[in-house]
Amino acid sequence: MQKTLRITGRGKVAATPDIIILSFDTECHEWEYEKAMNKLNDKVNRLRKITESVGIDKTTLKTKNFRINKDT
């Protein structure tokens, strides 16, 4: 006859992630390039302030897939 020993327990584990990916799309339509860039920069700066308010350093944020398309 085979004897079995069972051990049951509970626990909690917590760890800080190495990387977090936030993905968002933003766009702006203006006739002048400079106005469009200023509006987009304002939007990005607002998002950076939000991330800073929850404890994420803005120097760790990276921009990916930055595109400018001309509507004709």
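## Exercise 1: the helix and its faces

Helix H1 is 21 residues long and spans 30 Å from its first C-alpha to its last, close to the 30 Å expected at 1.5 Å a residue. Keep in mind that this is a predicted model.

Task: Work out which residues of H1 are buried, and which exposed residues sit on the face turned away from them.

Solution: 

1. Start with the buried side: Ala36, Met37, Leu40 and Thr51 are the buried residues in H1.
2. Now look down the helix axis. The buried residues of H1 fall within an arc of 95°, so they line one face of the helix.
3. Then turn to the face pointing away from that buried side, where you'll find the exposed residues Glu34, Arg46, Lys49, Ile50 and Ser53.

## Exercise 2: one buried threonine

Task: Find out where threonine 51 sits and what it touches.

Solution: 

1. Threonine 51 belongs to helix H1, which covers residues 33–53.
2. Its relative accessible area is 11%. Buried means under 20%, so threonine 51 counts as buried.
3. Leave out residues up to four places away in sequence, and threonine 51 touches Leu22, Ile56 and Leu61.
4. Just after H1, have a look at glycine 55, which takes a positive phi of about 95°.

## Exercise 3: a salt bridge

Solution: 

1. The count comes to one salt bridge.

## Exercise 4: out on the surface

Task: Identify which residues form a nonpolar patch on the surface, then check how exposed lysine 64 is.

Solution: 

1. The patch is made of Phe24, Leu47 and Ile50, with about 280 Å² of accessible area together.
2. Pick out leucine 47, which is in helix H1. With a relative accessible area of 33%, leucine 47 is partly exposed.
3. Move on to lysine 64, in the segment after H1. Its relative accessible area is 70%, and exposed means over 50%, so lysine 64 is exposed.
4. Finish with a distance: the C-alpha atoms of lysine 64 and arginine 6 are 50 Å apart, and the two residues are 58 residues apart along the chain.

Key: Residues are numbered from 1 along each chain as its sequence is written. This is a predicted model: local features need pLDDT of at least 70, side-chain atom pairs count only at pLDDT 80 or more; totals for chains, interfaces and linings use all residues. Side-chain values use heavy atoms; hydrogens and water are left out. A salt bridge is a side-chain nitrogen of Lys or Arg within 4 Å of a carboxyl oxygen of Asp or Glu. Helices (H or I, at least four residues) and strands (E, at least two) are DSSP runs, numbered from the N terminus. Buried means under 20% relative accessible area, exposed over 50%, partly exposed in between (1.4 Å probe, protein chains only). Contact means heavy atoms within 4.5 Å. The expected span of a helix is 1.5 Å times one less than its number of residues. The arc is that of the directions from the helix axis to the C-beta atoms. Patches are made of residues with over 30% relative accessible area and no salt bridge: like charges are joined within 9 Å, nonpolar side chains (Val, Leu, Ile, Met, Phe, Trp, Tyr) within 5 Å. Accessible areas come from the Shrake-Rupley method with a 1.4 Å probe; for residues, only the protein chains shown count as cover.
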